[in-house]
Amino acid sequence: MKPWIKPLLIGAIALGLAACSKQGPDSNAASSAASAGGEPTIGLAVSTQNNPFFVTLRQAAEAEAKAQGIKLIAVDAQDDAAKQIASIEDLIQKKVSVILINPTDSDAIANAVREANNAKIPVITIDRAVNGGEVVAHIASDNIEGGRMAAKFLMDQIKHQGKVIELEGIPGSSAARERGQGFGEGIKDAKDVQVVAKQPADFDRAKGLTVTENILQGNKDVKGLFAQNDEMALGALQAIQAAGLKDVVVVGFDATTDAIAAVKAGTLAATVQQKPDLMGKMAVDTAKQLIDGKQVPKSIPVPLNLVTKDNAQ
């Protein structure tokens, strides 16, 4: 071999190896990341920890991660989309194997999901969907059907007539949109029912109280109220009781501990039961399957149930 050929061959091999090292991971990115770092790590970006529903979801995810031998990093967006985007970007920088997201805003979080896609980190959404980017699996109850369940119960209780209030969740969230859609479909044929107000209270108890107080000033004869989550429903109950109104049928959504206690006490008529503990567990289980290189369903449903005084436990 001529003396000038050997250095060229060595350089070519080095360039080839460098090029290979810059290629993105394959479709088994979660599995590759886990094997490279030993103990797998997953991120959980929750919309808020100021809501018992999401506290339960996080606790269940943490318990399942511990049982599976997985490190879980949980971050709280405090219902701030910008804060959640920053938290997801931080999880990407930490090179977690999978990111679980419960979005604050289904539209605003889309770019953060795309960043995770570019980093070859699989994304799983929980309870609320994302409007953009690639999501490997979505774990949620059928919010539209839940809205229909609430509507049917409320219509039966008020005998399909009278004034009704609807408290909406955070504008832009899939849960608010879908629950509202289902409720609207459930009451559309009730010609003697009038929705006198339909206003956001952002899934927040204090805002549920304030918004309901304002609405009741001009609607003392309201017969029913549907709140798209229990926190708003419990706030609305406070406003209704303070106004001295009786026999107003209030229906919530989520079946949190406080809501079930109110159902048992007879103050809250019903709540649509989701299962945040099951959601948290299923999310981690699904992430573990991805880490193990397995295929997972695109949509993973969580069953619903209507909790009333007759069946509250």
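What follows is a working chat about the predicted model shown above.

Trainee: How many helices and strands does the protein have?
Mentor: The protein has 11 helices and 12 strands. Both are DSSP runs numbered from the N terminus: helices are H or I with at least four residues, strands are E with at least two.

Trainee: What share of the residues is buried?
Mentor: 48% of the 313 residues. Buried means under 20% relative accessible area, exposed is over 50%, and partly exposed is in between (1.4 Å probe, protein chains only).

Trainee: And what is the accessible surface?
Mentor: About 14600 Å², with 50% of that belonging to carbon and sulfur atoms. The areas come from the Shrake-Rupley method with a 1.4 Å probe; for residues, only the protein chains shown count as cover.

Trainee: What part of the contacts comes from residues 24 or more positions apart?
Mentor: 74% of the contacts with a separation of 6 or more. Contact means heavy atoms within 4.5 Å.

Trainee: Let's zoom in on helix 8. What span should its 12 residues have?
Mentor: At 1.5 Å a residue, they should span 16 Å. The expected span is 1.5 Å times one less than the number of residues. The end C-alpha atoms of helix 8 are 16 Å apart, which agrees.

Trainee: Which residues of helix 8 are buried?
Mentor: Gly-208, Val-211, Thr-212, Ile-215 and Leu-216. They cover an arc of only 130 degrees around the axis, so they sit on the same side of helix 8. The arc is that of the directions from the helix axis to the C-beta atoms.

Trainee: Why would spacing like that put residues on one side?
Mentor: An α-helix has 3.6 residues a turn, so residues three or four places apart point the same way.

Trainee: What do the buried residues of helix 8 pack against?
Mentor: Strand 6 (161-168), strand 7 (192-200), strand 8 and helix 9 (230-242).

Trainee: What happens at the start of helix 8?
Mentor: A side-chain oxygen of Asp-204 reaches to within 3.1 Å of the backbone nitrogen of Ala-206.

Trainee: And past the other end, where is Asn-219?
Mentor: Asn-219 is in the loop between helix 8 (205-216) and strand 8 (222-227).

Trainee: Is Asn-219 buried or exposed?
Mentor: Buried, at 13% relative accessible area. Leaving aside neighbours within four places in sequence, Asn-219 is in contact with Lys-163 and Val-196.

Trainee: Switching to charges. How many salt bridges does the structure hold?
Mentor: There are 13. A salt bridge is a side-chain nitrogen of Lys or Arg within 4 Å of a carboxyl oxygen of Asp or Glu.

Trainee: What does Arg-205 form with Glu-231?
Mentor: A salt bridge, with the closest N and O atoms 3.0 Å apart. That pair links distant parts of the chain: Arg-205 is in helix 8, Glu-231 is in helix 9, and they are 26 residues apart. Arg-205 is partly exposed at 26% relative accessibility, while Glu-231 is buried at 7%.

Trainee: And Asp-258, what does that form with Arg-205?
Mentor: Also a salt bridge, with the closest N and O atoms 3.0 Å apart. Here Asp-258 in helix 10 (residues 257-265) and Arg-205 in helix 8 are 53 residues apart, again linking distant parts of the chain. Asp-258 is partly exposed, at 39% relative accessibility.

Trainee: How far apart in helix 11 are Asp-285 and Lys-281?
Mentor: They are 4 residues apart in helix 11 (residues 276-291), so about one helical turn separates them. Asp-285 is buried at 17% relative accessible area, and Lys-281 is partly exposed at 36%.

Trainee: Which residues are linked in a network of salt bridges?
Mentor: Asp-127, Arg-179 and Asp-254.

Trainee: Last topic, backbone angles. What is phi at Gln-78?
Mentor: Positive, about 55 degrees, although Gln-78 is not a glycine. Gln-78 is in the loop between strand 2 (71-76) and helix 4 (81-93). Gln-78 is exposed, at 55% relative accessible area.

Trainee: And what about phi of Lys-95?
Mentor: Near 60 degrees, a positive value in a residue other than glycine. Lys-95 is in the loop between helix 4 and strand 3 (98-101). Its relative accessibility is 66%, so Lys-95 counts as exposed.

Key. Residues numbered from 1 in each chain as written. Predicted model: local features only at pLDDT ≥ 70, side-chain atom pairs only at ≥ 80, totals over all residues. Heavy atoms only, no water. Polar contact = N/O pair within 3.5 Å; in protein donor to acceptor, adjacent residues only side chain to side chain.
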